[in-house]
Each structure stands twice: as C-alpha cells, then as structure tokens.
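Open the model in your viewer and keep the sequence panel beside it. Each stop below says what to select and what is there.

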Amino acid sequence: MQDGTIISKQRYPSPHPKLHVFLVTYWSDGLKVKGFLVEPKEKGQYPGFLYLRGGIKGVGKVRIGRIVQFASYGFVVFAPCYRGNMGGEGREDFALSDRKDGHNGARVLFNHPMVNEEVNVFGFSRGGVMGLWTALEVPGIHKVVCWGGVTDVALTYEERVDLRRMLKRVVGGGPNKFPERFVARTPLTSIKNLETPVCIIHGAKDQNVSVDHARLLEEELQKHEIPHTSWIYYELDHYFPPKVNRHTVKQLTDWLKK
C-alpha cells in the first residue's frame, strides 16, 4: 500500500461543534502508524496543517484541544502520533527513520479531498527537527513553523542531561562517540536546500529547548537567503501563557494564509 494512505478512520470525541476528530491508521514506511485527523464539518476546500508533536513515546503526545485550536482557524489538521505510539507499529528513533511518519503525514493531507494545494508544517519542540526534515524531503510544502523547536540534536544532548540516557539508547551512544548519527538527525546542514518560508517562534527563557536552537536555524536561513520571520519572546519559556498562546496561534495562522 502507498505511503500516506489512510487505512482506517475511527470517530473520536470532538470538543468543537464545527469540527470532526478521527483517530486514523495510515501507511508509513511499511508500518501502520496512528495519527489524529481534524476536519471542518462544513464541506469546502481548506489548507492543510501538519502538526508534528514534541517529546517521545508518552511524553509530549498529541493533545486534541491543541490540534482543534489550529483547525478552528480553517485548516484540515493531521497530527501523527509517530510509530510505536497509540498502538501503532514500529519504534521511534528521534528524527531518523521515524521522520518518515511526518513525511507521510504530509502525504495524508496532500491526498485529502478537502485540502487545497497548500500543506503547511508545524513542529513543536522535538517536532522542530521533524518539521524541517518534512519541508526538506517532501516536495510542495507551502510554509513551515518551528515553535520552541529542536534544530540540533547534538545540542539537545548537551543541554538536556535528563534526556541523555534516552538519546543514547535511541541513537546508540553520545555525540562524541557517534557524531555522524547526530548529524544524520539534524537538518541544519541541509537548510541550503529548503524551498519553504519559515516562521521561528521561541521563548528566550526556554529551559527545555534553548533559544540557541532558534538562533542556529536563523543563521542558516540568513546565510542562504531563505525567506523567514522570527518571533522571539524574551520573557517566556517553553510553554506560553494562555493569552499569549492564543495571540501567537492567530498570528501564525494569519502568516500561513498570507
């Protein structure tokens, strides 16, 4: 079966009267992977919004309220749970093989009858690398948003002592022992090939993913003259307060639709 094909769709409780939510099984890289799909009830053509979650396994899993928030601005939203989660097949490997689950999530949207030609990518936290790789490796992505996003996996290893054990297990060792394995997961060296405008959103006081990740991405985009915009919130950390969050969501959905 072709990558990006939906195998099954199961209705899921929706907190929004104008939106349908489904738990979907889709085909990705020879695996049956789970994801959440949010569609407007009103028939029509809408831009696609690929939501790439942060974390790994049970940490940072897809929140229905969050993806419904984006869909309410007039998008068909698809949020992969990544392989090995929610009963899906396979095992996550932190932006190596499992980044194909993001790529094929984009294909789910390109194939969707309610999606116009625009498919946008949004990556939060660990989803930052997933989103950038999707924009680099899937033709035709409209725009990409990197919110509090990881852009350098070796930098994450250095910064997050609490994640080192997990990263060693997933990658096979640390960046001193296997630098090439960290480079293979890090999109920065390939940014010159990006054909997609980028919006960078980051809290300067972020302790989970330092603002250095945003700065490194910004430098590469500037160097290669790739259109981008940066919204750095100097008083904020990884999670924005509700009022600022709502304002930022409105701002970024307007940017996507420009």
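Contact here means heavy atoms within 4.5 Å. This is a predicted model, in which local features need pLDDT of at least 70, side-chain atom pairs count only at pLDDT 80 or more, and totals for chains, interfaces and linings use all residues. Residues are numbered from 1 along each chain as its sequence is written, and side-chain values use heavy atoms, with hydrogens and water left out.

**Stop 1: G174**

Select G174. It lies in the loop between α5 (164-171) and α6 (179-183). Helices (H or I, at least four residues) and strands (E, at least two) are DSSP runs, numbered from the N terminus. Leaving out residues up to four places away in sequence, G174 touches Y157, K168 and F182. G174 counts as buried because its relative accessibility is 10%. The classes are buried under 20% relative accessible area, exposed over 50%, and partly exposed in between (1.4 Å probe, protein chains only).

**Stop 2: Y82**

Go to Y82, in the loop between β5 (76-80) and α2 (99-110). Is Y82 buried or exposed? At 0% relative accessibility, Y82 is buried. Show its surroundings. Not counting residues up to four places away in sequence, Y82 touches V33, K34, L52, R53, E92, D101, R126, G127 and M130. Its side chain reaches the backbone oxygen of R53 at 2.9 Å. That is a polar contact: a pair of N or O atoms within 3.5 Å; within protein, one must be able to donate a hydrogen and the other to accept it, and residues adjacent in sequence count only if both atoms are side-chain atoms. The C-alpha atoms of Y82 and V161 are separated by 24 Å, and the two residues are 79 residues apart along the chain.

**Stop 3**

Select T25 in strand β2. It is buried, at 7% relative accessibility. The T25 side chain makes a polar contact of 2.9 Å with the side chain of K34. Beyond residues up to four places away in sequence, T25 touches T5, I6, I7, S8, K32, V33 and K34.

Move along to D29. This residue sits in the loop between β2 (19-28) and β3 (31-40). D29 is not a glycine, yet its phi is positive, at about 60°. Its relative accessibility is 32%, so D29 counts as partly exposed.

**Stop 4: S125**

Jump to S125, in the loop between β6 (115-124) and α3 (127-137). S125 also is not a glycine and has a positive phi of about 60°. Its relative accessible area is 12%, so S125 is buried.

**Stop 5: α2 against α3**

Display α2 and α3 together. Two packed helices are described by the angle between their axes and the distance between the axes. The axes of α2 and α3 come within 9 Å and cross at roughly 60°. Therefore α2 is oblique to α3. Color R99, G102, H103, A106 and R107 of α2, then M130, W133, T134 and E137 of α3: these residues make the contact. They divide into three nonpolar, three polar and three charged.

Axes are lines fitted to C-alpha atoms, for helices over the stretch in contact, and angles run from 0 to 180 degrees between N-to-C directions. Angles under 35 degrees count as roughly parallel, over 145 as roughly antiparallel, 65 to 115 as roughly perpendicular and the rest as oblique. Ala, Val, Leu, Ile, Met, Phe, Trp, Tyr, Cys and Pro count as nonpolar, Asp, Glu, Lys and Arg as charged, and the others, Gly among them, as polar.

**Stop 6: α1 against α8**

Next, select helix α1 (residues 64-71) and helix α8 (residues 242-257). Their axes come within 10 Å and cross at roughly 45°. That makes α1 oblique to α8. R66, Q69 and F70 of α1 meet N245, R246, V249, L252 and T253 of α8. By class, this contact has three nonpolar, three polar and two charged residues. Look at how covered α1 is: seven of its eight residues are buried. Among them are I64, I67 and V68.

**Stop 7: T248**

Stay in helix α8 and pick T248. T248 is buried, with a relative accessible area of 0%. Its side chain joins that of Y233 in a polar contact of 3.0 Å. Leaving aside neighbours within four places in sequence, T248 is in contact with W147, I201, W231, Y233 and F240.
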